Amino acid sequence: MELPQYLGDRNRLTRALLAVGLAVYALLSLRKGKRLRGGLAGLGAVALGYATATESGDVTESFAAGLGTESTTESGQLRCAMCGEPIVPGQRRQPNENDETVHEACLEAPA
Ligand SMILES: [Zn+2]
């Protein structure tokens, strides 16, 4: 997993730099009155920047998933705050005093 991650980071950095370079090139072209070239370079910069930003979001998400970060909103799965087990549909659940969702059985069980 380390090598692809490393390559991905490098690609993203390269594309980010490329996007910045294209943006500068577009500005310089526009200044010289070369509107077509400047416009195309500007479009490329926006597309590259957008792709880079979008991808970095994905990487952050998969990185968080790799760490085993518990999240009830992203996975769409509720987890019991007391026993840590997922709460499947049909199981009785209720919020505890801290407003966390727990199994009803866990809440009633003696600590
Ligand atoms: Zn539970």
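Two residues are taken to be in contact if their C-beta atoms, placed from the backbone, lie within 7 Å. In this predicted model, 24% of the contacts in the protein chain with a separation of 6 or more are accounted for by residues 24 or more positions apart.

The protein chain contains four helices and four strands. Along the sequence these elements follow the order α-α-α-β-β-β-β-α. Of the 111 residues in the protein chain, 9% count as buried.

The largest nonpolar core comprises six residues, namely A19, L22, A26, A41, A45 and L48. Helix α1, spanning 2–31, and helix α2, spanning 35–66, each contribute at least two residues to this core. Within the core set, L22 has contacts with A41, G44, A45 and L48 when residues up to four places away in sequence are left out of the count.

L36 is classed as exposed because 8 other C-beta atoms lie within 10 Å, and the criterion for an exposed residue is 12 or fewer. The C-alpha atoms of L36 and A26 are 9.4 Å apart in space, and the two residues are separated by ten positions in sequence.

Conventions
Residues numbered from 1 in each chain as written. Predicted model: local features only at pLDDT ≥ 70, side-chain atom pairs only at ≥ 80, totals over all residues. Core = buried A, V, L, I, M, F, W, Y, C linked by C-beta atoms within 7 Å. Buried ≥ 20, exposed ≤ 12 C-beta atoms within 10 Å, placed from the backbone.
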